[in-house]
Amino acid sequence: MTDLVDGLAGRLVVSCQAYPGEPMRDPRTMSQVAQACVAGGAAAIRVQGLEDIRATVAVIDVPVIGLWKDGDEGVYITPTLRHALACAEAGAHIVAIDATSRPRPDGSTFAGIVRGLKERYPDVLVMADCGSVDDCVRAESDGADIIGTTLGGYTQDRNKTVGPDFEFAQEAIQACTRPVVVEGRVHTLEHAAAVMRLGAHAVCVGTAITHPSTITGWFAAAVRGS
Ligand SMILES: CC(=O)N[C@H](C=O)[C@@H](O)[C@H](O)[C@H](O)COP(=O)(O)O
């Protein structure tokens, strides 16, 4: 399984997610987007929801990072062991889990979820979705295989930067011995290259590749001259 992490070194991960009520929120559609991203060179695909995980695992031959978003505030990315086990059961090779110390709906902890998941699925890896350097350091000692900067700017710990939080990325990379995947508001080719130069293991891009409404909005605003 270390091979799986090694295989992401210096590579692009693409997050394929459509949000509630959006036209592309359909597992088949997301799996097709994932296929297109793999054809373009994505080394792994990150997908949300059990149906999307199943549909995507069935059609691509690169690792799938699965998560289950439940709700939209507090801890909502794979918040409990039940959610994590379901992602693994659906076929995720890596399960992404909120690794903040915020309270979880069932009172559990990140460490407990990692332990429970690895007991049942020893080959499944854990990506720790972190919002601060403290989260990253704690997640490592709690057994995370990959550290993600996913939640930087989405918790109380850090302001939301325009574009990636380079400072967080740099500090996380310095503080961690596990591989750090920089994720969150990587919107341009320059952003992606810059985070790799900081020493990221890989970069994960979502919106700028797979969310056409947002990308269209960027262009529409540019065309309007705003
Ligand atoms: C904070 C949160 O819930 N992030 C989610 C995590 O799975 C997704 O909504 C993001 O799209 C993903 O992290 C990729 O980031 P970006 O779309 O900025 O490239």
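Predicted model: local features only at pLDDT ≥ 70, side-chain atom pairs only at ≥ 80, totals over all residues.
Next I turned to the strands themselves. I traced a closed barrel of eight strands in the order β1-β2-β3-β4-β5-β6-β7-β8, with parallel pairing, and I noted that the twist averages 25 degrees from one strand to the next. For one pair I went into detail: β2, residues 44-48, and β3, residues 64-67, pair in the parallel sense over four bridges, and Ile 45 stands opposite Val 64 in β3.

I then looked up how helix α2 (residues 27-39) meets helix α3 (residues 50-57), and I found that they pack at an angle of about 45 degrees, with their axes 8 Å apart. On the α2 side I listed Pro 27, Arg 28, Met 30, Ser 31 and Ala 34 as making the contact, and on the α3 side Glu 51, Asp 52, Ala 55 and Thr 56. Sorted by kind, the residues of this contact of α2 with α3 are four nonpolar, two polar and three charged.

Last, which residues are closest to the ligand? I found 14 residues surrounding the ligand, the closest being Ser 15, Tyr 154, Arg 185, Gly 206 and Thr 207, and I noted that the shell divides into six nonpolar, six polar and two charged residues.

Methods: Residues numbered from 1 in each chain as written. Pairing = 2+ DSSP bridges. Helix = DSSP H or I, 4+ residues; strand = E, 2+ residues; numbered from the N terminus. Axes fitted to C-alpha atoms, helices over the stretch in contact; angles between N-to-C directions. Near = placed C-beta within 6 Å. Nonpolar A, V, L, I, M, F, W, Y, C, P; charged D, E, K, R; others polar. Contact = placed C-beta atoms within 7 Å.
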